[in-house]
Amino acid sequence: MTDLQPRSASPAAASRAVVEAAGVTKIFGSGDAAVAALETIDLSIREGEFVSLIGPSGCGKSTLLRLIGDLTAPSAGDVRVNGKPARQARLDRDYGMVFQAPVLMDWRSVARNIELPLEIMGFSREERTRRSAELLRLVELEGFEARHPWQLSGGMQQRVAIARALAFDPKLLLMDEPFGALDEMTRERMNLELMKIWGRTGTTIVFVTHSIPEAVFLSTRVAVMSARPGRITKIVDVDLAQPRTVDTREDRRYFELVTEVRETLRRHEPQGAIEEVEADRIRAEGLG
Amino acid sequence: MSTALPPAVGDGASPGRTRRLSGRRRVAGLVLIFVVVALAWEGAKWLGGDPWRIHGSVLGLAVDYEHFPPFRWRIADDLSLPHVWDVIRAFIDPAQRGGTPLGLDLIGRAAFTFREAATGFAFGALLGLLLAILFVHSRLAERAFVPYVVASQAVPILAISPIIVVATQAGWLSVAVISTYLTFFPVTIGALRGLRAADPRAFELFRSYAASAREILWRLQLPASVPYLFASLRVAAAASVIGAIIGELPSGIPDGLGSAILNYNQYYITAPERLWATIVACSLVGLCFVGLVRVAESLVTRGRYRTLEIA
(Lines give C-alpha, C1' and ligand atoms only; values in the text may rest on other atoms or scores of the structure.)
Protein backbone atom coordinates (compact mmCIF):
# COMPACT_ATOMS: atom_id res chain seq x y z
CA MET A 1 0.00 0.00 0.00
CA THR A 2 1.81 3.00 -1.23
CA ASP A 3 -0.96 5.54 -1.02
CA LEU A 4 -2.49 5.74 2.38
CA GLN A 5 -2.30 9.54 2.27
CA PRO A 6 -5.49 11.55 2.01
CA ARG A 7 -6.92 11.18 -1.46
CA SER A 8 -5.94 13.73 -4.00
CA ALA A 9 -8.78 15.35 -5.87
CA SER A 10 -6.86 16.41 -8.92
CA PRO A 11 -9.33 17.08 -11.72
CA ALA A 12 -7.15 15.40 -14.33
CA ALA A 13 -7.13 12.14 -12.41
CA ALA A 14 -10.82 12.40 -11.66
CA SER A 15 -11.75 12.52 -15.31
CA ARG A 16 -10.06 9.25 -16.30
CA ALA A 17 -12.56 6.47 -16.90
CA VAL A 18 -11.76 3.30 -14.96
CA VAL A 19 -14.77 1.30 -16.11
CA GLU A 20 -16.48 1.75 -19.45
CA ALA A 21 -19.37 -0.45 -20.47
CA ALA A 22 -20.84 0.16 -23.91
CA GLY A 23 -23.92 -1.64 -25.19
CA VAL A 24 -23.30 -4.56 -22.86
CA THR A 25 -25.82 -7.34 -23.16
CA LYS A 26 -25.76 -10.62 -21.33
CA ILE A 27 -28.06 -13.49 -22.27
CA PHE A 28 -28.14 -16.68 -20.28
CA GLY A 29 -29.27 -19.86 -21.94
CA SER A 30 -30.33 -20.15 -25.56
CA GLY A 31 -33.46 -20.63 -27.65
CA ASP A 32 -36.72 -20.52 -25.71
CA ALA A 33 -34.87 -20.71 -22.42
CA ALA A 34 -32.81 -17.61 -23.18
CA VAL A 35 -33.03 -14.90 -20.54
CA ALA A 36 -31.66 -11.43 -21.08
CA ALA A 37 -29.98 -10.67 -17.77
CA LEU A 38 -28.64 -7.37 -19.04
CA GLU A 39 -29.68 -5.35 -22.04
CA THR A 40 -27.54 -2.67 -23.69
CA ILE A 41 -25.94 -1.31 -20.56
CA ASP A 42 -23.91 1.87 -20.90
CA LEU A 43 -21.96 2.91 -17.87
CA SER A 44 -18.82 4.92 -17.32
CA ILE A 45 -17.10 5.10 -13.95
CA ARG A 46 -14.35 7.63 -13.36
CA GLU A 47 -11.32 7.25 -11.17
CA GLY A 48 -11.96 7.69 -7.46
CA GLU A 49 -15.72 7.29 -7.78
CA PHE A 50 -17.87 5.12 -5.56
CA VAL A 51 -20.70 3.75 -7.68
CA SER A 52 -23.42 1.51 -6.30
CA LEU A 53 -25.51 -0.80 -8.44
CA ILE A 54 -28.93 -1.27 -6.88
CA GLY A 55 -32.02 -3.06 -8.05
CA PRO A 56 -34.39 -5.95 -7.44
CA SER A 57 -33.24 -9.56 -7.53
CA GLY A 58 -32.59 -10.59 -11.09
CA CYS A 59 -31.80 -7.13 -12.42
CA GLY A 60 -28.34 -8.37 -13.32
CA LYS A 61 -26.38 -6.12 -10.98
CA SER A 62 -24.11 -8.94 -9.87
CA THR A 63 -23.76 -10.04 -13.47
CA LEU A 64 -22.67 -6.54 -14.44
CA LEU A 65 -20.05 -6.61 -11.70
CA ARG A 66 -18.84 -10.00 -12.85
CA LEU A 67 -18.61 -8.72 -16.41
CA ILE A 68 -16.39 -5.87 -15.24
CA GLY A 69 -14.20 -8.42 -13.47
CA ASP A 70 -14.15 -10.72 -16.51
CA LEU A 71 -15.58 -13.53 -14.41
CA THR A 72 -18.13 -13.95 -17.17
CA ALA A 73 -18.16 -12.69 -20.77
CA PRO A 74 -20.77 -10.38 -22.35
CA SER A 75 -23.04 -11.71 -25.09
CA ALA A 76 -22.68 -8.40 -26.88
CA GLY A 77 -21.06 -5.07 -26.23
CA ASP A 78 -17.76 -4.07 -24.79
CA VAL A 79 -16.41 -3.76 -21.26
CA ARG A 80 -13.17 -1.86 -20.74
CA VAL A 81 -11.28 -1.46 -17.49
CA ASN A 82 -8.47 1.08 -17.25
CA GLY A 83 -8.80 1.52 -21.00
CA LYS A 84 -8.10 -2.16 -21.63
CA PRO A 85 -10.43 -5.04 -22.46
CA ALA A 86 -11.80 -6.51 -19.21
CA ARG A 87 -9.89 -9.73 -19.76
CA GLN A 88 -6.58 -7.93 -20.09
CA ALA A 89 -7.36 -5.90 -16.98
CA ARG A 90 -7.99 -9.09 -15.06
CA LEU A 91 -4.74 -10.60 -16.29
CA ASP A 92 -2.98 -7.39 -15.25
CA ARG A 93 -4.58 -7.73 -11.81
CA ASP A 94 -6.21 -4.33 -12.04
CA TYR A 95 -9.01 -4.99 -9.57
CA GLY A 96 -9.72 -6.57 -6.20
CA MET A 97 -12.88 -8.52 -5.55
CA VAL A 98 -15.04 -8.88 -2.42
CA PHE A 99 -17.96 -11.29 -2.37
CA GLN A 100 -21.01 -11.45 -0.12
CA ALA A 101 -19.35 -14.28 1.77
CA PRO A 102 -15.81 -13.62 2.97
CA VAL A 103 -14.49 -16.72 1.11
CA LEU A 104 -11.49 -16.98 3.41
CA MET A 105 -9.21 -20.00 3.24
CA ASP A 106 -9.92 -21.79 6.51
CA TRP A 107 -6.43 -23.39 6.51
CA ARG A 108 -4.75 -20.00 6.53
CA SER A 109 -4.35 -17.58 9.38
CA VAL A 110 -5.79 -14.09 9.02
CA ALA A 111 -2.42 -12.63 7.97
CA ARG A 112 -1.79 -15.42 5.48
CA ASN A 113 -5.26 -14.93 4.02
CA ILE A 114 -4.44 -11.30 3.37
CA GLU A 115 -1.12 -12.34 1.86
CA LEU A 116 -2.72 -14.88 -0.49
CA PRO A 117 -2.91 -12.64 -3.57
CA LEU A 118 0.59 -11.35 -2.79
CA GLU A 119 1.95 -14.89 -2.79
CA ILE A 120 0.30 -15.61 -6.12
CA MET A 121 1.65 -12.39 -7.55
CA GLY A 122 5.17 -13.16 -6.38
CA PHE A 123 5.74 -10.50 -3.74
CA SER A 124 8.74 -11.07 -1.48
CA ARG A 125 8.21 -12.36 2.03
CA GLU A 126 9.24 -9.07 3.64
CA GLU A 127 6.89 -7.13 1.39
CA ARG A 128 4.03 -9.52 2.15
CA THR A 129 4.55 -9.23 5.88
CA ARG A 130 4.83 -5.46 5.66
CA ARG A 131 1.65 -5.11 3.64
CA SER A 132 -0.44 -7.52 5.69
CA ALA A 133 0.60 -5.70 8.88
CA GLU A 134 -0.36 -2.39 7.29
CA LEU A 135 -3.70 -3.71 6.07
CA LEU A 136 -4.52 -5.28 9.41
CA ARG A 137 -4.08 -1.81 10.83
CA LEU A 138 -6.25 -0.32 8.09
CA VAL A 139 -9.16 -2.68 8.81
CA GLU A 140 -8.45 -2.45 12.53
CA LEU A 141 -7.68 -6.08 13.12
CA GLU A 142 -4.24 -5.74 14.69
CA GLY A 143 -3.54 -8.61 17.04
CA PHE A 144 -5.69 -11.02 15.06
CA GLU A 145 -3.08 -11.93 12.45
CA ALA A 146 -2.45 -15.41 13.87
CA ARG A 147 -6.13 -16.27 14.30
CA HIS A 148 -7.93 -18.57 11.94
CA PRO A 149 -11.14 -17.50 10.17
CA TRP A 150 -13.44 -19.54 12.41
CA GLN A 151 -12.25 -17.55 15.40
CA LEU A 152 -13.57 -14.29 13.92
CA SER A 153 -17.09 -12.88 13.78
CA GLY A 154 -18.78 -12.41 10.40
CA GLY A 155 -17.97 -8.69 10.30
CA MET A 156 -14.33 -9.32 11.13
CA GLN A 157 -14.10 -11.99 8.45
CA GLN A 158 -15.48 -9.55 5.90
CA ARG A 159 -12.89 -6.97 6.98
CA VAL A 160 -10.20 -9.58 6.32
CA ALA A 161 -11.71 -10.13 2.86
CA ILE A 162 -11.56 -6.38 2.20
CA ALA A 163 -7.95 -6.23 3.39
CA ARG A 164 -7.13 -9.14 1.10
CA ALA A 165 -8.74 -7.36 -1.86
CA LEU A 166 -6.70 -4.24 -1.12
CA ALA A 167 -3.44 -6.12 -0.48
CA PHE A 168 -1.99 -5.76 -3.95
CA ASP A 169 -3.05 -2.15 -4.17
CA PRO A 170 -5.59 -2.42 -6.99
CA LYS A 171 -6.99 0.84 -8.33
CA LEU A 172 -10.44 -0.72 -8.61
CA LEU A 173 -12.44 -2.59 -6.02
CA LEU A 174 -15.45 -4.70 -7.04
CA MET A 175 -17.77 -5.50 -4.16
CA ASP A 176 -20.71 -7.88 -4.56
CA GLU A 177 -23.10 -7.27 -1.65
CA PRO A 178 -20.19 -7.47 0.77
CA PHE A 179 -22.26 -6.62 3.83
CA GLY A 180 -25.44 -8.41 2.77
CA ALA A 181 -24.96 -11.24 5.25
CA LEU A 182 -24.29 -8.99 8.23
CA ASP A 183 -26.76 -7.73 10.80
CA GLU A 184 -27.94 -4.13 10.51
CA MET A 185 -25.69 -2.72 13.25
CA THR A 186 -22.57 -4.40 11.96
CA ARG A 187 -23.48 -3.33 8.45
CA GLU A 188 -23.71 0.33 9.44
CA ARG A 189 -20.38 0.15 11.21
CA MET A 190 -18.83 -1.58 8.21
CA ASN A 191 -20.19 1.19 5.98
CA LEU A 192 -18.34 3.76 8.07
CA GLU A 193 -15.22 1.61 7.96
CA LEU A 194 -15.45 1.32 4.21
CA MET A 195 -15.81 5.10 3.87
CA LYS A 196 -12.65 5.57 5.91
CA ILE A 197 -10.76 3.04 3.79
CA TRP A 198 -12.03 4.59 0.58
CA GLY A 199 -10.98 8.01 1.85
CA ARG A 200 -7.49 6.82 2.65
CA THR A 201 -6.80 4.68 -0.42
CA GLY A 202 -8.61 6.59 -3.16
CA THR A 203 -9.63 3.31 -4.77
CA THR A 204 -12.45 3.37 -7.28
CA ILE A 205 -15.25 1.18 -5.97
CA VAL A 206 -18.14 -0.52 -7.73
CA PHE A 207 -20.55 -1.77 -5.11
CA VAL A 208 -23.55 -4.06 -5.56
CA THR A 209 -26.21 -3.83 -2.88
CA HIS A 210 -29.84 -4.51 -2.04
CA SER A 211 -29.95 -1.78 0.55
CA ILE A 212 -31.09 1.70 -0.47
CA PRO A 213 -29.72 3.50 2.63
CA GLU A 214 -26.40 1.75 2.20
CA ALA A 215 -26.15 2.73 -1.46
CA VAL A 216 -26.95 6.38 -0.73
CA PHE A 217 -24.68 6.58 2.28
CA LEU A 218 -21.64 5.19 0.50
CA SER A 219 -21.85 6.32 -3.09
CA THR A 220 -20.97 9.27 -5.21
CA ARG A 221 -23.45 7.88 -7.74
CA VAL A 222 -26.16 5.24 -7.50
CA ALA A 223 -27.08 3.31 -10.64
CA VAL A 224 -30.69 2.17 -10.21
CA MET A 225 -31.48 -0.93 -12.21
CA SER A 226 -34.67 -2.74 -13.19
CA ALA A 227 -35.23 -6.37 -14.00
CA ARG A 228 -36.44 -8.21 -17.11
CA PRO A 229 -34.43 -7.22 -18.93
CA GLY A 230 -31.72 -5.79 -16.68
CA ARG A 231 -31.32 -2.10 -17.44
CA ILE A 232 -29.98 0.98 -15.76
CA THR A 233 -33.10 3.11 -15.38
CA LYS A 234 -31.52 6.09 -13.68
CA ILE A 235 -28.26 7.27 -12.26
CA VAL A 236 -28.71 9.29 -9.08
CA ASP A 237 -25.94 11.71 -8.21
CA VAL A 238 -25.35 11.68 -4.48
CA ASP A 239 -24.27 15.19 -3.61
CA LEU A 240 -23.74 14.58 0.11
CA ALA A 241 -20.68 16.12 1.70
CA GLN A 242 -17.44 14.14 2.04
CA PRO A 243 -16.32 12.57 4.24
CA ARG A 244 -19.46 10.65 5.11
CA THR A 245 -19.88 10.25 8.86
CA VAL A 246 -22.50 9.13 11.35
CA ASP A 247 -24.08 12.57 10.90
CA THR A 248 -24.60 11.97 7.20
CA ARG A 249 -27.46 9.62 8.07
CA GLU A 250 -29.20 12.53 9.88
CA ASP A 251 -28.86 14.84 6.89
CA ARG A 252 -32.12 15.93 5.27
CA ARG A 253 -30.57 15.59 1.83
CA TYR A 254 -29.72 11.99 2.69
CA PHE A 255 -33.41 11.21 3.26
CA GLU A 256 -34.37 12.98 0.05
CA LEU A 257 -31.92 10.87 -1.90
CA VAL A 258 -33.07 7.66 -0.23
CA THR A 259 -36.62 8.56 -1.22
CA GLU A 260 -35.54 9.37 -4.77
CA VAL A 261 -33.80 6.00 -5.18
CA ARG A 262 -36.73 4.17 -3.63
CA GLU A 263 -39.24 5.83 -5.93
CA THR A 264 -37.14 5.17 -8.99
CA LEU A 265 -37.01 1.50 -8.00
CA ARG A 266 -40.75 1.37 -7.42
CA ARG A 267 -41.58 3.02 -10.72
CA HIS A 268 -39.78 0.28 -12.60
CA GLU A 269 -40.97 -2.61 -10.51
CA PRO A 270 -41.81 -5.45 -12.83
CA GLN A 271 -45.11 -7.29 -12.61
CA GLY A 272 -44.84 -10.76 -11.15
CA ALA A 273 -42.10 -13.13 -10.41
CA ILE A 274 -38.83 -11.23 -10.37
CA GLU A 275 -37.12 -14.06 -8.58
CA GLU A 276 -37.40 -16.22 -11.67
CA VAL A 277 -34.69 -14.40 -13.56
CA GLU A 278 -32.30 -14.63 -10.67
CA ALA A 279 -33.02 -18.32 -10.34
CA ASP A 280 -32.31 -18.70 -14.06
CA ARG A 281 -29.05 -16.86 -13.71
CA ILE A 282 -27.99 -19.08 -10.86
CA ARG A 283 -28.92 -22.16 -12.83
CA ALA A 284 -27.20 -20.96 -15.98
CA GLU A 285 -24.02 -20.04 -14.15
CA GLY A 286 -23.92 -23.13 -12.04
CA LEU A 287 -23.58 -21.06 -8.91
CA GLY A 288 -24.84 -22.27 -5.63
CA MET B 1 -13.56 1.31 16.84
CA SER B 2 -11.42 -0.91 19.02
CA THR B 3 -13.97 -0.72 21.81
CA ALA B 4 -16.63 -2.00 19.45
CA LEU B 5 -14.57 -5.00 18.34
CA PRO B 6 -16.50 -8.16 19.11
CA PRO B 7 -14.43 -10.63 21.09
CA ALA B 8 -12.88 -13.48 19.16
CA VAL B 9 -14.86 -16.67 19.49
CA GLY B 10 -13.06 -19.07 21.83
CA ASP B 11 -9.56 -18.67 23.15
CA GLY B 12 -6.29 -20.15 22.05
CA ALA B 13 -6.28 -22.84 24.72
CA SER B 14 -9.61 -24.44 23.96
CA PRO B 15 -8.68 -26.51 20.88
CA GLY B 16 -5.82 -28.19 22.79
CA ARG B 17 -8.11 -28.96 25.68
CA THR B 18 -10.66 -30.45 23.34
CA ARG B 19 -8.04 -32.70 21.81
CA ARG B 20 -6.67 -33.99 25.13
CA LEU B 21 -10.11 -34.68 26.47
CA SER B 22 -11.26 -36.48 23.36
CA GLY B 23 -8.00 -38.49 23.32
CA ARG B 24 -8.64 -39.79 26.82
CA ARG B 25 -12.24 -40.50 25.91
CA ARG B 26 -11.16 -42.42 22.87
CA VAL B 27 -8.87 -44.68 24.92
CA ALA B 28 -11.63 -45.21 27.49
CA GLY B 29 -14.00 -46.08 24.66
CA LEU B 30 -11.57 -48.62 23.23
CA VAL B 31 -11.16 -50.30 26.61
CA LEU B 32 -14.90 -50.29 27.19
CA ILE B 33 -15.63 -51.88 23.82
CA PHE B 34 -12.93 -54.50 24.47
CA VAL B 35 -14.55 -55.39 27.80
CA VAL B 36 -18.02 -55.53 26.21
CA VAL B 37 -16.81 -57.79 23.40
CA ALA B 38 -14.95 -60.04 25.84
CA LEU B 39 -18.05 -60.30 28.04
CA ALA B 40 -20.30 -61.13 25.06
CA TRP B 41 -17.74 -63.66 23.86
CA GLU B 42 -17.50 -65.39 27.21
CA GLY B 43 -21.26 -65.04 27.72
CA ALA B 44 -21.86 -67.03 24.53
CA LYS B 45 -19.43 -69.66 25.72
CA TRP B 46 -21.09 -69.68 29.15
CA LEU B 47 -24.43 -70.47 27.52
CA GLY B 48 -23.41 -72.77 24.72
CA GLY B 49 -19.70 -73.55 24.82
CA ASP B 50 -17.74 -76.58 25.96
CA PRO B 51 -17.71 -77.42 29.68
CA TRP B 52 -14.75 -75.94 31.49
CA ARG B 53 -13.08 -76.18 34.84
CA ILE B 54 -10.76 -74.00 36.88
CA HIS B 55 -8.59 -76.08 39.10
CA GLY B 56 -5.74 -74.52 41.06
CA SER B 57 -5.08 -71.91 43.68
CA VAL B 58 -5.63 -68.19 43.60
CA LEU B 59 -3.90 -66.18 46.37
CA GLY B 60 -3.35 -69.34 48.40
CA LEU B 61 -6.99 -70.37 48.18
CA ALA B 62 -7.77 -73.61 46.49
CA VAL B 63 -10.20 -73.05 43.62
CA ASP B 64 -12.03 -75.82 41.92
CA TYR B 65 -14.85 -74.67 39.72
CA GLU B 66 -16.57 -76.48 36.94
CA HIS B 67 -19.15 -75.10 34.52
CA PHE B 68 -21.53 -77.06 32.33
CA PRO B 69 -23.23 -74.79 29.79
CA PRO B 70 -26.96 -75.46 29.33
CA PHE B 71 -26.70 -75.56 25.53
CA ARG B 72 -24.22 -76.82 23.00
CA TRP B 73 -23.57 -74.46 20.11
CA ARG B 74 -20.94 -75.27 17.61
CA ILE B 75 -20.10 -71.61 17.11
CA ALA B 76 -19.32 -71.20 20.80
CA ASP B 77 -17.22 -74.32 21.32
CA ASP B 78 -13.53 -74.10 22.15
CA LEU B 79 -12.51 -74.65 18.55
CA SER B 80 -14.55 -71.79 17.09
CA LEU B 81 -14.28 -69.42 20.03
CA PRO B 82 -11.34 -70.17 22.28
CA HIS B 83 -11.60 -68.62 25.74
CA VAL B 84 -10.45 -65.01 25.97
CA TRP B 85 -7.89 -66.03 28.58
CA ASP B 86 -6.61 -68.76 26.27
CA VAL B 87 -6.04 -66.16 23.53
CA ILE B 88 -4.28 -63.87 26.00
CA ARG B 89 -2.20 -66.77 27.28
CA ALA B 90 -1.27 -67.66 23.67
CA PHE B 91 0.61 -64.34 23.48
CA ILE B 92 2.73 -65.31 26.48
CA ASP B 93 3.33 -68.97 25.63
CA PRO B 94 6.28 -69.72 23.34
CA ALA B 95 5.47 -70.07 19.67
CA GLN B 96 7.67 -73.14 19.41
CA ARG B 97 8.84 -75.43 22.15
CA GLY B 98 11.51 -73.52 24.06
CA GLY B 99 11.25 -70.51 21.72
CA THR B 100 10.29 -66.88 22.31
CA PRO B 101 6.75 -66.04 23.42
CA LEU B 102 4.26 -65.83 20.56
CA GLY B 103 3.58 -62.20 21.49
CA LEU B 104 7.21 -61.18 20.89
CA ASP B 105 7.29 -63.20 17.69
CA LEU B 106 4.15 -61.45 16.51
CA ILE B 107 5.55 -58.02 17.35
CA GLY B 108 8.53 -58.70 15.09
CA ARG B 109 6.26 -59.93 12.33
CA ALA B 110 3.91 -57.00 12.81
CA ALA B 111 6.83 -54.57 12.43
CA PHE B 112 7.88 -56.32 9.25
CA THR B 113 4.38 -56.28 7.78
CA PHE B 114 3.91 -52.70 8.90
CA ARG B 115 7.02 -51.68 6.96
CA GLU B 116 5.69 -53.32 3.81
CA ALA B 117 2.26 -51.78 4.33
CA ALA B 118 3.79 -48.33 4.92
CA THR B 119 5.75 -48.58 1.67
CA GLY B 120 2.66 -49.69 -0.21
CA PHE B 121 0.65 -46.96 1.47
CA ALA B 122 3.18 -44.28 0.51
CA PHE B 123 3.23 -45.35 -3.13
CA GLY B 124 -0.51 -45.90 -3.21
CA ALA B 125 -1.31 -42.54 -1.67
CA LEU B 126 1.03 -40.81 -4.12
CA LEU B 127 -0.37 -42.69 -7.10
CA GLY B 128 -3.94 -42.09 -5.95
CA LEU B 129 -3.34 -38.38 -5.51
CA LEU B 130 -1.57 -38.02 -8.86
CA LEU B 131 -4.41 -39.81 -10.62
CA ALA B 132 -6.94 -37.52 -8.95
CA ILE B 133 -4.94 -34.44 -9.99
CA LEU B 134 -4.80 -35.77 -13.55
CA PHE B 135 -8.55 -36.47 -13.60
CA VAL B 136 -9.47 -33.11 -12.14
CA HIS B 137 -7.53 -31.34 -14.89
CA SER B 138 -8.66 -33.50 -17.78
CA ARG B 139 -12.25 -34.58 -18.23
CA LEU B 140 -11.04 -36.75 -21.08
CA ALA B 141 -8.55 -38.61 -18.89
CA GLU B 142 -11.21 -38.97 -16.21
CA ARG B 143 -13.71 -40.44 -18.63
CA ALA B 144 -11.13 -42.73 -20.20
CA PHE B 145 -9.42 -44.00 -17.04
CA VAL B 146 -11.97 -44.05 -14.25
CA PRO B 147 -13.83 -47.16 -15.52
CA TYR B 148 -10.51 -49.03 -15.57
CA VAL B 149 -9.62 -47.80 -12.12
CA VAL B 150 -12.96 -49.04 -10.84
CA ALA B 151 -12.60 -52.34 -12.73
CA SER B 152 -9.17 -52.85 -11.21
CA GLN B 153 -10.75 -52.84 -7.79
CA ALA B 154 -13.49 -55.28 -8.77
CA VAL B 155 -10.89 -57.97 -9.49
CA PRO B 156 -10.11 -59.98 -6.35
CA ILE B 157 -6.61 -59.22 -5.14
CA LEU B 158 -6.05 -62.96 -4.70
CA ALA B 159 -6.30 -63.40 -8.46
CA ILE B 160 -3.78 -60.67 -9.17
CA SER B 161 -1.25 -61.20 -6.44
CA PRO B 162 0.36 -64.31 -8.02
CA ILE B 163 0.81 -62.36 -11.27
CA ILE B 164 2.50 -59.51 -9.45
CA VAL B 165 4.63 -61.90 -7.43
CA VAL B 166 5.85 -63.64 -10.57
CA ALA B 167 6.40 -60.37 -12.42
CA THR B 168 8.34 -58.64 -9.67
CA GLN B 169 10.01 -61.77 -8.24
CA ALA B 170 8.68 -62.82 -4.90
CA GLY B 171 9.93 -60.49 -2.26
CA TRP B 172 9.49 -57.29 -0.45
CA LEU B 173 8.77 -55.29 -3.59
CA SER B 174 5.94 -57.53 -4.76
CA VAL B 175 4.26 -57.12 -1.39
CA ALA B 176 4.57 -53.35 -1.59
CA VAL B 177 3.11 -53.40 -5.12
CA ILE B 178 0.10 -55.44 -3.99
CA SER B 179 -0.37 -53.11 -1.05
CA THR B 180 -0.18 -50.13 -3.43
CA TYR B 181 -2.80 -51.75 -5.61
CA LEU B 182 -5.25 -51.88 -2.71
CA THR B 183 -4.33 -48.40 -1.46
CA PHE B 184 -4.53 -46.04 -4.40
CA PHE B 185 -8.22 -46.44 -5.15
CA PRO B 186 -9.78 -44.88 -2.05
CA VAL B 187 -7.23 -42.09 -2.25
CA THR B 188 -8.12 -41.35 -5.88
CA ILE B 189 -11.83 -41.23 -5.09
CA GLY B 190 -11.38 -39.14 -1.93
CA ALA B 191 -8.89 -36.74 -3.50
CA LEU B 192 -11.02 -36.32 -6.62
CA ARG B 193 -13.91 -35.28 -4.44
CA GLY B 194 -11.70 -33.06 -2.31
CA LEU B 195 -10.02 -31.27 -5.23
CA ARG B 196 -13.48 -30.16 -6.34
CA ALA B 197 -14.68 -29.29 -2.86
CA ALA B 198 -13.51 -25.69 -2.67
CA ASP B 199 -16.11 -22.92 -2.67
CA PRO B 200 -16.93 -21.97 -6.30
CA ARG B 201 -16.39 -18.33 -5.34
CA ALA B 202 -12.88 -19.20 -4.20
CA PHE B 203 -12.20 -20.35 -7.76
CA GLU B 204 -13.54 -16.98 -8.98
CA LEU B 205 -11.31 -15.23 -6.48
CA PHE B 206 -8.27 -17.03 -7.87
CA ARG B 207 -9.46 -16.20 -11.37
CA SER B 208 -9.59 -12.54 -10.37
CA TYR B 209 -5.92 -12.87 -9.33
CA ALA B 210 -5.17 -14.33 -12.76
CA ALA B 211 -3.71 -17.32 -10.89
CA SER B 212 -2.21 -20.16 -12.93
CA ALA B 213 -3.62 -23.69 -12.78
CA ARG B 214 -0.63 -24.66 -10.65
CA GLU B 215 -1.27 -21.87 -8.18
CA ILE B 216 -4.92 -22.92 -7.97
CA LEU B 217 -3.88 -26.52 -7.34
CA TRP B 218 -1.34 -25.67 -4.63
CA ARG B 219 -3.07 -22.83 -2.87
CA LEU B 220 -6.72 -23.77 -3.23
CA GLN B 221 -7.55 -27.28 -4.42
CA LEU B 222 -5.01 -29.28 -2.43
CA PRO B 223 -5.55 -27.47 0.89
CA ALA B 224 -9.32 -27.65 0.41
CA SER B 225 -9.08 -31.37 -0.28
CA VAL B 226 -7.28 -32.15 2.99
CA PRO B 227 -10.35 -33.31 4.99
CA TYR B 228 -11.47 -35.57 2.13
CA LEU B 229 -7.94 -36.75 1.52
CA PHE B 230 -7.41 -37.79 5.11
CA ALA B 231 -10.73 -39.63 5.26
CA SER B 232 -9.61 -41.70 2.30
CA LEU B 233 -6.06 -42.06 3.67
CA ARG B 234 -7.52 -43.69 6.78
CA VAL B 235 -9.34 -46.22 4.62
CA ALA B 236 -6.17 -46.68 2.60
CA ALA B 237 -4.05 -47.24 5.71
CA ALA B 238 -6.22 -50.16 6.79
CA ALA B 239 -6.34 -51.51 3.23
CA SER B 240 -2.56 -51.32 2.89
CA VAL B 241 -2.13 -53.68 5.86
CA ILE B 242 -4.52 -56.18 4.26
CA GLY B 243 -2.64 -55.78 0.99
CA ALA B 244 0.69 -56.45 2.67
CA ILE B 245 -0.58 -59.58 4.46
CA ILE B 246 -2.23 -60.95 1.32
CA GLY B 247 0.88 -60.14 -0.68
CA GLU B 248 3.02 -62.18 1.71
CA LEU B 249 1.00 -65.34 1.12
CA PRO B 250 1.97 -66.19 -2.49
CA SER B 251 5.42 -64.60 -2.07
CA GLY B 252 6.35 -67.10 0.61
CA ILE B 253 7.86 -64.39 2.78
CA PRO B 254 8.41 -65.99 6.20
CA ASP B 255 8.97 -62.86 8.30
CA GLY B 256 5.55 -61.22 8.28
CA LEU B 257 2.10 -61.78 9.71
CA GLY B 258 1.02 -63.50 6.47
CA SER B 259 3.10 -66.60 7.07
CA ALA B 260 1.94 -66.71 10.70
CA ILE B 261 -1.67 -66.71 9.51
CA LEU B 262 -0.89 -69.48 7.03
CA ASN B 263 0.93 -71.47 9.70
CA TYR B 264 -1.68 -71.16 12.44
CA ASN B 265 -4.42 -71.86 9.93
CA GLN B 266 -2.90 -75.28 9.46
CA TYR B 267 -2.71 -75.93 13.19
CA TYR B 268 -6.11 -74.47 13.93
CA ILE B 269 -7.56 -77.76 15.11
CA THR B 270 -4.91 -78.14 17.80
CA ALA B 271 -4.29 -74.50 18.73
CA PRO B 272 -7.09 -72.15 17.59
CA GLU B 273 -6.04 -69.48 20.09
CA ARG B 274 -2.81 -68.86 18.14
CA LEU B 275 -4.70 -67.89 14.99
CA TRP B 276 -6.91 -65.67 17.10
CA ALA B 277 -3.85 -64.07 18.63
CA THR B 278 -2.48 -63.45 15.13
CA ILE B 279 -5.78 -61.92 14.07
CA VAL B 280 -5.56 -59.59 17.06
CA ALA B 281 -2.02 -58.66 16.02
CA CYS B 282 -3.17 -57.89 12.45
CA SER B 283 -5.95 -55.64 13.61
CA LEU B 284 -3.61 -53.86 16.02
CA VAL B 285 -1.24 -53.10 13.13
CA GLY B 286 -4.14 -51.63 11.17
CA LEU B 287 -5.33 -49.70 14.20
CA CYS B 288 -1.86 -48.23 14.84
CA PHE B 289 -1.52 -47.27 11.19
CA VAL B 290 -4.90 -45.56 11.07
CA GLY B 291 -4.00 -43.87 14.38
CA LEU B 292 -0.79 -42.51 12.85
CA VAL B 293 -2.78 -41.09 9.93
CA ARG B 294 -5.11 -39.44 12.43
CA VAL B 295 -2.20 -37.86 14.24
CA ALA B 296 -0.82 -36.59 10.93
CA GLU B 297 -4.23 -35.18 10.11
CA SER B 298 -4.56 -33.30 13.37
CA LEU B 299 -1.05 -31.86 12.86
CA VAL B 300 -1.82 -30.75 9.30
CA THR B 301 -5.19 -29.24 10.15
CA ARG B 302 -4.12 -27.62 13.42
CA GLY B 303 -6.15 -24.49 14.10
CA ARG B 304 -8.22 -24.95 10.98
CA TYR B 305 -11.46 -26.00 12.61
CA ARG B 306 -13.43 -25.07 15.66
CA THR B 307 -12.79 -28.47 17.18
CA LEU B 308 -10.33 -31.14 16.20
CA GLU B 309 -12.97 -33.82 16.27
CA ILE B 310 -13.20 -34.76 12.62
CA ALA B 311 -15.45 -37.64 11.84
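## Interface between chains A and B

In this predicted model, 26 residues of chain B are in contact with 30 residues of chain A, a contact being two residues whose C-beta atoms, placed from the backbone, lie within 7 Å. On the side of chain B that touches chain A, helix H7 (200-208) and helix H8 (213-251) of chain B are the elements that give two or more residues. H7(B) gives the most, with 7 residues. Helices are DSSP runs of H or I with at least four residues, strands are runs of E with at least two, and both are numbered from the N terminus.

By residue class, this side of chain B holds 14 nonpolar, 4 polar and 8 charged residues. Ala, Val, Leu, Ile, Met, Phe, Trp, Tyr, Cys and Pro count as nonpolar, Asp, Glu, Lys and Arg as charged, and the others, Gly among them, as polar.

Residues are numbered from 1 along each chain as its sequence is written, and chains are lettered from A and ligands numbered from 1 in the order in which they are written. Local features need pLDDT of at least 70 and side-chain atom pairs count only at pLDDT 80 or more, whereas totals for chains, interfaces and linings use all residues.

## Antiparallel sheet of chain A

Chain A contains an open sheet of 4 strands in the order S2-S1-S4-S5, with antiparallel pairing; strands pair if DSSP finds at least two bridges between them. Strands S2 (35-46) and S5 (84-85) of chain A stand at the edges with a single partner strand each, so one side of each is left without a neighbour in the sheet. S5(A) pairs with strand S4 (residues 76-81) of chain A over 2 bridges, and A:Arg80 stands opposite A:Pro85 in S5(A).
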